[in-house]
Amino acid sequence: MFAAIVLLSVLAAGLAMWRPAAPVAASTDGDDWSEAPVGETLGTPTPELAAPQIPPRATAVRPPAPTRPLPQAFEAAEDLFAFRQQLRPMADRGDAEARWMLSRVDEYCAPFARDPAGFARDSALIDSMQLDAARTLGAARGRIGTRCGRFVPADAPTFVQLVERRRDAAEAGSLAAEAALLAMGAPLSEDMDYRRGLVERVQISRDPEAFAALSPAMGVAASGDVALADTVAGTQASEFAWQLAACDLGLDCSSGGALMTQYCANGGICARDARQDFSSFVRDAAVPRQGAEAIDRMKKTLVEDAPESRHLLEMVMR
């Protein structure tokens with residue numbers, strides 16, 4: 001009875017309040033990541049959208065999204081406190097991607113950092129329940145507790161602080177941070193052209209982190225927004241479509257990835273099978289079969305039919 005009440009009470013709140021969190025290319029400025037505890041060697045990210053070309057319409061092929069070392073390192077890091085310390089010097093030098101990833105770490109670990117002892121008590125209670133959903137929720141909270149175990153209450157950002165950190169990242173050049181600010185209700189500009197242009201830039205970028213960061217803004221929150229008319233926006237299915245597109249473009253959507261972990265641990269929306277990835281979870285539990293087909297159509301539009309930038313189109317028309 002207790003588990004049912006807990007899970008049902010957070011279901012609606014999870015859909016409205018959960019925010020995943022995504023980057024633009026940044027330089028490592030010579031930082032040696034070869035000895036980082038995340039277990040990967042990080043190189044210098046490839047600059048994004050460098051001199052794009054418009055292929056003939058009949059043979060247009062979208063290039064794969066560029067690989068981002070820092071997001072990969074974030075997903076792989078077992079100790080996010082140590083990972084955050086490694087990011088700090090880069091962020092202090094103005095690295096936009098490092099600043100964005102700092103905000104990702106802070107958001108991911110905030111539920112634990114606010115009250116480590118309380119988080120552990122609640123996790124132990126959930127683990128004691130003999131329900132499939134409780135076991136999945138307990139596993140998600142366990143991942144956060146393990147990865148964020150060195151964080152203390154002083155490390156937990158307020159909502160205002162998180163907005164400020166993402167504004168710094170956006171102003172340094174992070175497209176994902178810009179997208180996240182829109183999703184948080186604090187865009188760099190309220191201008192309609194800016195907001196629509198931001199959505200187009202995210203779609204053109206093929207950056208999975210930016211897609212995921214933008215997704216909450218493209219769900220029910222976008223319903224009735226004139227600036228986003230004729231875009232994939234306005235329904236819960238639209239938000240899922242942006243997230244699934246991010247998965248197709250390279251976001252870690254595995255059962256243990258940050259997307260699935262935060263959906264479950266923060267929103268209480270958990271898969272019945274702890275091994276399910278995000279794509280399987282959406283099709284199995286989040287929407288009916290016909291709804292899944294509609295989401296797939298929207299996802300295909302986002303991934304394969306991204307608009308060319310207005311600037312490039314104007315060049316072609318000259």
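Accessible area here comes from the Shrake-Rupley method with a 1.4 Å probe. By that method, the protein chain of this predicted model exposes about 15,000 Å². Carbon and sulfur atoms supply 55% of that area.

**Whole chain.** Of its 318 residues, 48% count as buried.

**Stop 1: H6.** Select residues 132-147, which form helix H6. Its 16 residues should span 22 Å at 1.5 Å a residue, and the end C-alpha atoms are 23 Å apart, which agrees. Now colour the buried residues of H6: Ala-134, Thr-136, Leu-137, Gly-138, Ala-140, Arg-141, Ile-144 and Arg-147. Residues three or four places apart in an α-helix point the same way, because there are 3.6 residues a turn.

**Stop 2: H4 and H12.** Select residues 96-114 for H4 and 258-267 for H12. These helices pack at an angle of about 35 degrees, with axes 10 Å apart. Their crossing is left-handed. Show side chains next. From H4, pick Arg-104, Glu-107, Tyr-108 and Pro-111; they meet Ala-258, Thr-261, Gln-262 and Asn-266 of H12. By class, this contact has 3 nonpolar, 3 polar and 2 charged residues.

**Stop 3: two loop residues.** Most residues other than glycine have a negative phi. Go to Arg-206, in the loop between H9 (192-205) and H10 (208-214). Its phi is positive, about 60 degrees, although Arg-206 is not a glycine. Then find Asp-230, in the loop between H10 and H11 (236-248). Asp-230 is not a glycine either, yet its phi is positive at about 65 degrees.

Is Arg-206 buried or exposed? Its relative accessibility is 10%, so Arg-206 counts as buried. Asp-230 has 81% relative accessibility, so Asp-230 counts as exposed.

Notes: Residues numbered from 1 in each chain as written. Predicted model: local features only at pLDDT ≥ 70, side-chain atom pairs only at ≥ 80, totals over all residues. Heavy atoms only, no water. Axes fitted to C-alpha atoms, helices over the stretch in contact; angles between N-to-C directions. Helix = DSSP H or I, 4+ residues; strand = E, 2+ residues; numbered from the N terminus. Left-handed = near helix turned anticlockwise from the far one by under 90°. Contact = heavy atoms within 4.5 Å. Nonpolar A, V, L, I, M, F, W, Y, C, P; charged D, E, K, R; others polar. Buried < 20%, exposed > 50% of the residue type's maximum accessible area, 1.4 Å probe, protein only. Expected span 1.5 Å × (residues − 1).
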